[in-house]
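I opened this notebook to keep track of what I looked up in one structure. The entries follow the order of the searches.

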Amino acid sequence: MNIIDSSSLDKTFAQNNSGLINLPLFKVKPVKYQIQKTEIENVIFQSRNSVNFFEDFDYLHGKRVFAMGEGTSLSLKKMGVSSIVANKNGSGGLIEFLKSNNYDANTLIVKGKNGLNIVRDELKRMGHKVIEAECYDREKLSSYTKLKLDYAVADAIVFTSCFSVQIYLEELHSSSSKAKLFGISKRICDYAKGFDLQIIEIDYFSEDLKEEIVRAI
């Protein structure tokens, strides 16, 4: 059974002969950034890549750190940083959490270039001071020729971003494909369904992820 994880970050859940393979659809590169000199109490990391390309962890001392999901929180933990995760996934869950706990302080959002602005825009609407540090960028691969065969014979494909869905549709999708499609969030699934793709939401960080996928296939 061929299960493809399209993430730019290897989840490292694959083992020899497990049938799980990581085949990214885009590459990620660092971007130079500067943090404005202002009083900041809250820091929000929007993705695992925002953690991986952030270079100023000393800056986090004495600040409340929030992670947009369990994966981002785990990445922060590996860097020795404790973080707060909302009970509900995604931007909406984090906004609701910030509101309900009255975390109405100046906020730094660490994100990728052209990343989601939902949290930033809502916090600004609420009157908060928000600054951003865009520490990485995503770009398409120069060619998808080598990936076409792997994706064509896949039994399942896992999408970890809307960008990966977009690239799949532009470069690899075929009407003859028999692959079951999976998204790791409602936002990704809703995006895919907008193109009439049949997709199933899964818990990407579940200990029995492979079994969950196999059952759905």
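**Entry 1**

I began with Glu139 and Lys29, whose side chains meet in a salt bridge with an N to O distance of 3.1 Å. I looked up how open each one is. Glu139 is partly exposed, at 28% relative accessibility. Lys29 is also partly exposed, at 37%.

**Entry 1: confidence**

I noted that this is a predicted model. The mean pLDDT of the chain is 89, and 95% of the residues reach 70 or more. The stretch I marked for caution is residues 12–18, where the pLDDT is below 50. Beyond near neighbours in sequence, that stretch has five contacts in the model.

**Entry 2: other salt bridges**

How many salt bridges does a search of the whole structure find? I got 12.

I picked out Glu132 and Lys111, whose closest N and O atoms are 2.9 Å apart. This pair also links distant parts of the chain, with Glu132 in strand β8 and Lys111 in strand β7 (residues 107–112), 21 residues apart. Is Lys111 buried or exposed? Lys111 has a relative accessible area of 2%, and the cut-off for buried is under 20%, so I list Lys111 as buried. Glu132 is partly exposed, at 25%.

I then checked Asp208 and Arg215, which form a salt bridge with 3.9 Å between the closest N and O atoms. Asp208 is partly exposed at 32%, while Arg215 is exposed at 58%. Going through shared partners, I found that salt bridges join Lys111, Arg120, Asp121 and Glu132 into one network.

**Entry 3: helix α4**

Arg120 took me to helix α4 (residues 118–125), where Val119, Arg120, Glu122 and Leu123 are buried. What do the buried residues of α4 pack against? I recorded β4 (42–45), α3 (90–100), β7 and β8. Just after α4, Gly127 takes a positive phi of about 90 degrees.

In soluble globular proteins, nonpolar side chains tend to be buried together. I looked for such groups here. The largest nonpolar core has 23 residues, and Leu25, Tyr151, Ile157, Phe159, Tyr168 and Leu181 touch the most other members. At least two residues of this core come from each of α5 (145–152), β9 (156–159), α6 (162–172) and α7 (186–193). The largest share, six residues, is from α6.

Neighbours within four places in sequence aside, its contacts include Ser6, Leu25, Val165, Tyr168, Leu181, Ile188 and Ile199. Another core lies apart from the largest one; this other core has 18 residues, among them Val43, Phe57, Val81 and Leu108.

**Entry 4: Ser7**

Where is Ser7 placed? I found Ser7 in the loop between β1 (3–5) and β2 (20–22). Ser7 is buried, with a relative accessible area of 2%. With neighbours within four places in sequence left out, Ser7 is in contact with Asn22, Pro24, Arg48, Thr160 and Tyr204. The C-alpha atoms of Ser7 and Asn22 are 6.9 Å apart, although the residues are separated by 15 residues along the chain.

Most residues other than glycine have a negative phi. I wrote down two exceptions. Asn114 has a positive phi of about 60 degrees. Asn114 lies in the loop between β7 and α4 and is exposed, at 66% relative accessibility. The phi of Asp196 is near 65 degrees. Asp196 belongs to the loop between α7 and β11 (199–201), and Asp196 is exposed too, at 69%.

**Entry 5: a surface patch**

Which residues form a nonpolar patch on the surface? I noted Met1, Val214 and Ile217, which together have about 250 Å² of accessible area. Ile217 lies in the segment after α8 (209–216). Ile217 is partly exposed, with a relative accessible area of 37%.

Technical notes. Residues numbered from 1 in each chain as written. Predicted model: local features only at pLDDT ≥ 70, side-chain atom pairs only at ≥ 80, totals over all residues. Heavy atoms only, no water. Patch = residues over 30% accessible without salt bridge, like charges linked within 9 Å, V, L, I, M, F, W, Y side chains within 5 Å. Areas by Shrake-Rupley, 256 points an atom, 1.4 Å probe, with all protein chains shown as cover. Salt bridge = Lys/Arg side-chain N within 4 Å of Asp/Glu carboxyl O. Helix = DSSP H or I, 4+ residues; strand = E, 2+ residues; numbered from the N terminus. Buried < 20%, exposed > 50% of the residue type's maximum accessible area, 1.4 Å probe, protein only. pLDDT = per-residue confidence, 0-100. Contact = heavy atoms within 4.5 Å. Core = buried A, V, L, I, M, F, W, Y, C linked by side-chain atoms within 4.5 Å.
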